[in-house]
Amino acid sequence: MDPILIVFLVLVVIVFIILISSLKIVRQATAVVVERLGKFSRVLDTGVHIILPFVERAYTPISLKERVADFAPQPVITKDNVTMQIDTVVYFSVTDPKLFSYGVDNPIRAIENLTATTLRNLVGELELDETLTSRDTVNSKMRAILDEATDPWGIKINRVELKNILPPKDIQDAMEKQMRAERERREAILKAEGEKRSNILVAEGEKEALILRAEARKQAAIAEAEGTATAIKMINEANPNAAYITLRGYEALKVVADGKSTKLIIPSEIQNVAGLLASLKEVVGEDKKD
């Protein structure tokens, strides 16, 4: 084979390799930092780019997606000198690939250390009970502090969460006993409230029953009085004669006599039995004449 042809083919292969190596394809949600002769040149966005061979160098693509960093538990001392283990979860994203590449060495490690120190400062101002009940407050303050501190690194802190808060074993046991006592107290209160309500309902029922019975007696008395008044009115309208009245008095005397009382008080109008009999005789006589 001709040596010139061989050299030509070698040159073509070399040029092809150089062209291929000059092409840089950047994937979606990533960015690539390019240096020219060791100095920052530009940031390549999503798409196809050409870099100068032997002059420019493209670094490893940087993900622009949100990341999650789950840090190991850190010993933290509260204001009332209780040592707790708290682990945190940080959600962040890269907003400036240049600052992310040149701002700090090992950004994840830097965020972890910054998170630990910030957490100690915040929890050190709170007592145990406040720490357990103020997670949202601690999360918000940590996010603001970390976001401001990592801004020169091209990092945006989106969210910070306290994942677990673990007090010492003896304090956990004491808290469990306290919660158990609180539950028992609430149960006793609910039971007492139930019994109280039941007694109130029973008393209200008895009260209503008494009112209804009294109302029934009242209505019965009214009805009886109205019946008596009606009877008296009818008798008055009938204009009964003396004989009829005397006869009714005799019937009333019989009812009184049939009672169990040992002492009777007879009205003066019917004490004279002879007069009563005479009146009866007149009544019988008048009936015959009629």
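**Residues and their surroundings**

Analyst: We can start with one residue in this predicted model. Apart from neighbours within four places in sequence, Thr115 has contacts with Phe71, Thr88, Val90, Met142 and Leu146.

User: Which helix holds Thr115?
Analyst: The helix in question covers residues 107–123, and Thr115 is found there. Its label is helix H3.

User: Is Thr115 buried or exposed?
Analyst: The cut-off for buried is under 20% relative accessible area. Thr115 has a relative accessibility of 1%, so Thr115 counts as buried.

User: How are the rings of Phe40 and Tyr102 arranged?
Analyst: The structure holds 1 aromatic pair. The ring centres of Phe40 and Tyr102 are 6.0 Å apart. Planes over 60 degrees apart count as edge-to-face. The planes of Phe40 and Tyr102 are at 85°, so this pair is edge-to-face.

User: How many residues apart are Phe40 and Tyr102?
Analyst: Phe40 is in strand E3 (residues 39–44), while Tyr102 is in helix H2 (residues 97–102). The pair links distant parts of the chain, and the separation is 62 residues.

User: How does Phe40 count by relative accessibility: buried, partly exposed or exposed?
Analyst: Buried means under 20% and exposed means over 50%, with partly exposed in between. Phe40 has 26% relative accessibility, so Phe40 counts as partly exposed.

User: Which residue lies over the face of Tyr91?
Analyst: The distance to look for is 4.2 Å from the ring centre of Tyr91. The residue at that distance, over the face of the ring, is Arg159.

User: What share of the residues of the protein chain count as buried?
Analyst: The protein chain has 8 helices and 10 strands. Its length is 290 residues, and the share that count as buried is 22%.

Key: Residues are numbered from 1 along each chain as its sequence is written. This is a predicted model: local features need pLDDT of at least 70, side-chain atom pairs count only at pLDDT 80 or more; totals for chains, interfaces and linings use all residues. Side-chain values use heavy atoms; hydrogens and water are left out. Helices (H or I, at least four residues) and strands (E, at least two) are DSSP runs, numbered from the N terminus. Buried means under 20% relative accessible area, exposed over 50%, partly exposed in between (1.4 Å probe, protein chains only). Contact means heavy atoms within 4.5 Å. Rings of Phe, Tyr and Trp (its six-membered ring) pair if their centres lie within 6.5 Å; planes under 30 degrees apart count as stacked, over 60 as edge-to-face and the rest as tilted. A charge sits over a ring if NZ of Lys or CZ of Arg is within 6 Å of the ring centre and within 35 degrees of the ring normal.
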